[in-house]
Amino acid sequence: MHRLNRKNRVEIIVMTVVFVIAAVLVYKTTILTRMMLPRTSTQVEADEDLYYPLTDGDHMEQTFFYPSDELLSAGTRISLNEKTQKKLLKEDKKRNLGTVKVKILDASKKTLMSADYAVSVLADEQNLVASFPGTERGWEKKELTIVLDAAEIHEEVGLKIGYAAGQKDQTSLLVNGQKQDATLNIRTADRQFLYWKLWGLFGAVLVYLLLLGTYLCLAVFRFSPEKVFLFTGSFLAFLYMLLLPPLAVPDEEVHLKQAYSYTNQLMGKGGAKDGTLVMDREDFHAMQMFETTPSLPEYDRIKEGILKSGREQGTIKIPHSDTRAPVVTYFPGIAGILFGRLLGLNGLLVIYLGRICSILFYLFTMYWFIRMMGHAKTAAFLAAVLPMTIQQCCSYSYDSVVIEVAFLYTAMLFSLIYEKQPFKKPQAALYAVFAVILSVCKGGTYLPLILLTLLIPADRFSDPKRKKIFAGCIAALAAAAFLTSALSSVLFVVSPTAEQTAGAYLAGENYGFSGLLSDPVEFILLSVRTLFLSGAAFLENMLGMQLGWLDINLSGIVIYGLLFLLFLSILQVENGCGREGVSVTGRQKLSYLAVILLSAGMVFVSMFISWTPRESMEISGIQGRYFLPLLPLFSKLAYGETITIKKDWSRKIQFAAVCFQCVAIYDILLSLERIL
């Protein structure tokens, strides 16, 4: 039975007081200010390419029932030719292009609010709304009517309003007194004070439980780092899933489609071919709910649709580019999508199940990664809870499995090099499996990691000759896996056909493999310039300074704080106190550094060949996350007796990392557009 001692109680009280102060500051600086911002909702979405042109004297009445309690404004969205509008105004600055009057009526046809818009100041895709002076309440399920009157509209401007074919539920459209079988797009706005308060409270409770639970695991129950991670990693993954819904991670849509293609094959429906993919209509429409940059309306759609029962019938063909990545890199996503489709769940649940399976796989693999890292468990814990690690490993991105396998492979390698017990057959089998998977991922970018097999001491084998046999077998397996799986991807980059070149990014205007061979000096110069210009950004983004599509920014305090903790976590404790006595030789450090440089060089080469336009000033397309699988190797470079620490700070370091993650969660909240 674990009891809180006096020190534990004092520390929990201090932590709680600090948290409450921070929560109040967040409420005052973020939640309260955003509660005042209007939230725009689409009550009826216009169909593509369906418009009513507005001409002089037109009168439209669109009746609908408002679904919410609060109302700030209501109206519709217009379209016009801005180039023609500006041209007409340039010819005559005093020219009158017409006026659109907007009124909102209640059920008794009493005018609630009105606004006049001069066509000369309108913009394409602008909302024409009439607003209350403040937010009004009591409008849930009340009938409202949008009235539009057009006067002296200049025909060349092409002013028009989008509409949806057919009358939607509880709507009615009159155009110049004639009833229409259509519905104008309807836009409304509210402030949702209570909505923000509830989400602010919910988020604060989750973050506090994360901090309290981590503290109890570390200071009271004294769990090992891998067990602490199971709690902390689960909480963080859940929070990231709430904040970053599907498609918010770079290239996640194409990876989701690739995983879906594999489930089609498993269900006997055929995979993607001829640049198209067949999706169930239910899943396709669910995928369309997501945006690359999350917004409040998106969260509303998810909240309303997540518990919907049944599935829409039929299929639809959509464009899809084959990633040419092996099926193993999509295993978690495939499992979730397949499970959801077989159970007949709605599209949102199907897509989220794929992500949930990715989270479960992340928790399982990182648990074993931390457990196998021996004396570097704290460094492994930090690597597992980095913002970039969580973002990638909890998504459909194939980086997820690549990172996890690379981490597991490195942990297994370290255990074979630094542990003293005899080499066991299960270890050899797992090591071979990880080596094969690494060989087929990312076009063999991380294949140099296999070279580190040579560092395994001969005394780990019953016979020194067995080491050579083992190393040879691993090399042969890796080479065979690469040639049979990843070689086609490499050839696509190195020597594409004319058809592939025409359909590829830059359409043949990139350097290509011939550019590398004909002018290797240019590659070297661009590599050096890229390192000088963007080297710091690569390091920052490897840890997670820019999440999403590089549009979610974390504070430098978080990133450099975590970097400092990583440095502390790999320092040796004096006299081996609190750590296993491990000696990292100079030869081993040089080997780790050489492999890091080789793999990083392969990243530079691949981006130079396929993503860099000719005459570019630096190599394009390199992302910091590409170097994340190499991070565990850095844990050995600074390990030694030159710089040591007197006490074992591992538990304090782990808790500090979680505190920095709480700041990162706040940063994500600040970056996302009107989130939660």
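**Helix Packing, Strand Pairing and Burial**

Modeller: Helix H4 (residues 225–243) and helix H9 (residues 347–372) have axes that come within 9 Å and cross at roughly 155°. The model is predicted: local features need pLDDT of at least 70 and side-chain atom pairs count only at pLDDT 80 or more, whereas totals for chains, interfaces and linings use all residues. Residues are numbered from 1 along each chain as its sequence is written, and side-chain values use heavy atoms, with hydrogens and water left out.

Biologist: Why is H4 called roughly antiparallel to H9?

Modeller: The axes are lines fitted to C-alpha atoms, for helices over the stretch in contact, and angles run from 0 to 180 degrees between N-to-C directions. Angles under 35 degrees count as roughly parallel, over 145 as roughly antiparallel, 65 to 115 as roughly perpendicular and the rest as oblique. The crossing angle of H4 and H9 is roughly 155°, and therefore H4 is roughly antiparallel to H9. Their crossing is right-handed, a term used if the near helix is turned clockwise from the far one by less than a right angle.

Biologist: What makes H17 roughly perpendicular to H19?

Modeller: The axes of helix H17 (residues 520–543) and helix H19 (residues 586–610) come within 12 Å and cross at roughly 110°. This angle makes H17 roughly perpendicular to H19, and the crossing is right-handed. The contact is formed by Phe523, Leu526, Ser527, Thr530, Leu531 and Phe538 of H17 together with Phe604, Val605 and Phe608 of H19. These residues divide into seven nonpolar, two polar and no charged.

Biologist: How do you know that strand E13 is largely enclosed by the rest of the structure?

Modeller: Buried means under 20% relative accessible area, exposed over 50%, and partly exposed in between (1.4 Å probe, protein chains only). In E13 (residues 186–190), five of the five residues are buried, so the strand is largely enclosed. Ile186, Thr188 and Asp190 point one way, while Arg187 and Ala189 point the other way.

Biologist: Which strands pair with E13?

Modeller: Two strands pair if DSSP finds at least two bridges between them. Strand E1 (residues 39–44) joins E13 in the antiparallel sense over five bridges, with threonine 42 partnered by arginine 187. Strand E4 (residues 71–79) also runs antiparallel to E13, through three bridges, and serine 73 has alanine 189 as its bridge partner.

Biologist: Why are E6 and E11 called edge strands?

Modeller: Six strands form an open, antiparallel sheet in the order E6-E5-E8-E3-E10-E11. Strands E6 (111–118) and E11 (178–180) each pair on one side only. The twist averages 20° from one strand to the next. Seven bridges join strand E5 (residues 99–105) to E6, and isoleucine 104 stands opposite methionine 113.

Biologist: Is tyrosine 262 buried or exposed?

Modeller: Its relative accessible area is 16%, so tyrosine 262 is buried. Tyrosine 262 belongs to helix H5 (residues 252–266). Beyond its neighbours within four places in sequence, it is in contact with Ala325, Pro326, Val327, Tyr330 and Ile334. Tyrosine 262 and valine 327 are 65 residues apart in sequence, yet their C-alpha atoms are 7.4 Å apart in space.

Biologist: Why is aspartate 251 called partly exposed?

Modeller: Aspartate 251 has a relative accessibility of 36%, and therefore counts as partly exposed. Aspartate 251 sits in the loop between H4 and H5, and its phi is near 60°, a positive value in a residue other than glycine. Leucine 550 likewise has phi near 60°; it lies in the loop between strand E16 (546–547) and strand E17 (552–553), and its relative accessible area of 38% makes it partly exposed.

Biologist: What describes the chain as a whole?

Modeller: The chain has 21 helices and 19 strands; helices (H or I, at least four residues) and strands (E, at least two) are DSSP runs, numbered from the N terminus. Of its 676 residues, 50% count as buried.

Key: Contact = heavy atoms within 4.5 Å. Nonpolar A, V, L, I, M, F, W, Y, C, P; charged D, E, K, R; others polar.
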